[in-house]
Amino acid sequence: MRFSGWRVLREGLTGNRGWQGHWRDPDPKPQYDAVIIGGGGHGLATAYYLAKDHGMTNIAVLERSYIGGGNVGRNTTIVRANYYLPGNSEFYSHSLKLWEGLEQDLNYNAMMSQRGILNVFHNDAQRDSAVRRANAIINQGDDAEILSRDQLRDMVPLLNYANNRFPIQGALLQRRAGTARHDAVAWGFARGADQRGVDILQNCEVTGIRTEGGKVIGVETSRGLIRAGKVAMAAAGRSSQVAAMAGLTLPIESHVLQAFVSEGLKPIIDHVLTFAEGHLYISQSDKGGLVFGSYLDLYASYAARGNLPMVEHTMEACVAMLPAIGKARLLRSWGGIMDMTPDGSPIIDRTSIEGLYLNAGWCYGGFKATPASGQCYAHLIATDRPHEAAAGFRLDRFETGRGLMDEEATGAQHNLH
């Protein structure tokens with residue numbers, strides 16, 4: 001079933017009786033060529049690109065709950081390619097290019113909106129950092145502009161330009177950045193993978209990873225043993241727990257990151273805004289709600305809920321930067337479990353166990369990385385060679401110290417990334 005304007009019109013005129021399910025609900029096979037642990041955005045994208053780019057269709061994606069119920073449905077939907085360091089910069093540039101053609105590729109409306117992202121700076125040091133980042137982004141081949149205070153005021157007049165504590169000097173703008181609908185991205189990849197023969201197994205929790213002689217042979221699940229020649233972990237904040245089933249210890253801490261959405265408002269923000277002081281990022285959804293978040297909760301946790309002090313801090317930052325929303329009501333909040341690495345950069349690599357692969361450590365970059373993560377991980381699984389866009393995401397960099405990417409320049413402390 002393909003989507004088109006004509007199809008939508010026809011179904012609307014005939015009672016919407018012709019729509020079909022987006023993907024099948026199959027029973028597990030006893031054996032697959034490859035099994036992917038985790039039915040979030042990265043796991044589904046990996047399955048899609050394995051089938052599309054490498055012709056591997058005897059694949060199962062194992063999700064312990066339902067598609068879209070994890071981090072892929074618990075984020076602030078931001079898509080950007082404004083990373084600074086070599087390794088990360090090339091990867092997110094590759095990802096943004098995939099985003100720009102994703103809806104046509106999937107034949108699915110992911111509601112990609114390239115509204116631009118503005119990184120507001122407040123002092124000379126932040127301005128200098130923004131200029132260095134802009135130069136690095138341009139050298140990478142992506143777009144970046146430095147806006148003066150007056151140029152920023154013309155674009156976003158509602159900011160608090162009279163705030164003496166957090167004076168606004170200007171902003172770094174990337175026009176090609178923006179947002180996409182998080183759960184629609186998961187559904188689109190699930191649908192695309194299913195159409196190519198991939199089995200998507202919901203309510204199928206992995207309880208163990210079986211190995212023999214240093215080689216993986218399958219996974220134990222709540223729906224029985226599933227054998228596979230290759231097993232790929234894509235479990236986001238649960239990566240350490242899943243890896244422990246195979247006897248592996250990962251250099252990852254899991255932290256909660258809260259996000260919030262307000263009641264629906266008339267359009268007041270045309271871009272994604274981030275603030276260097278108080279660390280706040282905010283945009284407005286198609287429904288009118290303001291979607292925003294700030295820091296991690298700064299303690300390790302697997303609970304998908306946060307604490308009240310971080311709620312208070314985030315609301316203070318919102319009102320300090322955008323006083324006009326001071327009386328807006330908070331509609332809901334949620335928490336995602338972030339798999340944080342010591343250098344703030346991800347891991348896409350083979351493990352010491354033959355046939356067992358790792359995709360983890362995405363820190364703040366998980367959603368925006370979805371298509372490139374899937375494509376690069378699929379390339380690794382199919383060929384046992386790293387994709388050139390993800391060549392720096394090696395696991396052994398934390399053991400050897402070679403190739404570390406301290407993206408936030410805060411040192412080896414997980415909760416500062």
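Pro346 is in contact, where contact means heavy atoms within 4.5 Å, with Asn88, Ala360, Gly361, Trp362, Phe393 and Arg397, once its neighbours within four places in sequence are set aside. This proline sits in the loop between β16 (330–340) and β17 (347–350); helices (H or I, at least four residues) and strands (E, at least two) are DSSP runs, numbered from the N terminus. Pro346 is buried, because its relative accessible area is 2%, the classes being buried for under 20% relative accessible area, exposed for over 50%, and partly exposed in between, with a 1.4 Å probe and protein chains only. Between Pro346 and Thr77 there are 269 residues in sequence and 18 Å in space, C-alpha to C-alpha.

The model is predicted, so that local features need pLDDT of at least 70 and side-chain atom pairs count only at pLDDT 80 or more, whereas totals for chains, interfaces and linings use all residues. Residues are numbered from 1 along each chain as its sequence is written, and side-chain values use heavy atoms, with hydrogens and water left out.

Two strand residues can be described in the like manner. Leu290 belongs to strand β15 (residues 289–300) and counts as buried because its relative accessibility is 1%. Not counting residues up to four places away in sequence, Leu290 touches Phe260, Val261, Ser262, Glu263, Leu265, Ile268, Ile269, Ile282, Ser283, Gln284 and Ile325. Its separation from Gln104 is 186 residues in sequence and 28 Å in space, C-alpha to C-alpha. Ile59, for its part, is found in strand β2 (residues 59–62) and is buried, with a relative accessible area of 1%. Leaving aside neighbours within four places in sequence, the contacts of Ile59 are Tyr32, Ala34, Ile36, Ala47, Leu50, Val198 and Asp199.

Arg7 is part of helix α1 (residues 5–13) and counts as buried at 13% relative accessibility; apart from neighbours within four places in sequence, it is in contact with Met1, Arg2, Gly18 and Trp19. Arg80 lies in the loop between β3 (78–79) and α3 (88–100), where it touches Tyr92, Ile117, Gln174, Ala177 and Lys368, not counting residues up to four places away in sequence.

| Pair | Separation in sequence | C-alpha distance |
|---|---|---|
| Ile59 and Asp33 | 26 residues | 6.0 Å |
| Arg80 and Arg10 | 70 residues | 36 Å |
| Leu290 and Gln104 | 186 residues | 28 Å |
| Pro346 and Thr77 | 269 residues | 18 Å |

Backbone geometry deserves a separate remark. Most residues other than glycine have a negative phi. Asn203, although it is not a glycine, has a positive phi of about 55 degrees; this asparagine is placed in the loop between β8 (199–201) and β9 (206–212) and is exposed, with a relative accessible area of 54%. Ala409, also not a glycine, has a positive phi of about 55 degrees, is found in the segment after α11 (397–400), and counts as exposed at 64% relative accessibility.

Turning to the whole, the protein chain has 11 helices and 18 strands. For 417 residues a compact globule would have a radius of gyration near 22 Å, and the 21 Å of the protein chain agrees with this; the radius is taken over C-alpha atoms, and the globule rule is 2.2 Å times the number of residues to the power 0.38. The C-alpha trace spans about 65 × 65 × 40 Å along its principal axes. Buried residues make up 55% of the 417 residues, and of the contacts with a separation of 6 or more, 74% are accounted for by residues 24 or more positions apart.

The accessible surface comes to about 17800 Å², of which 49% belongs to carbon and sulfur atoms, as computed by the Shrake-Rupley method with a 1.4 Å probe. The mean positions of the 41 positive and 42 negative charges are 5 Å apart, with Lys and Arg counted as positive, Asp and Glu as negative, and His and the chain ends not counted.

The end C-alpha atoms of residues 33–380 lie 14 Å apart, and the span is 29% helix and 31% strand.

Conventions: Charge placed at Lys NZ, Arg CZ, Asp CG, Glu CD.
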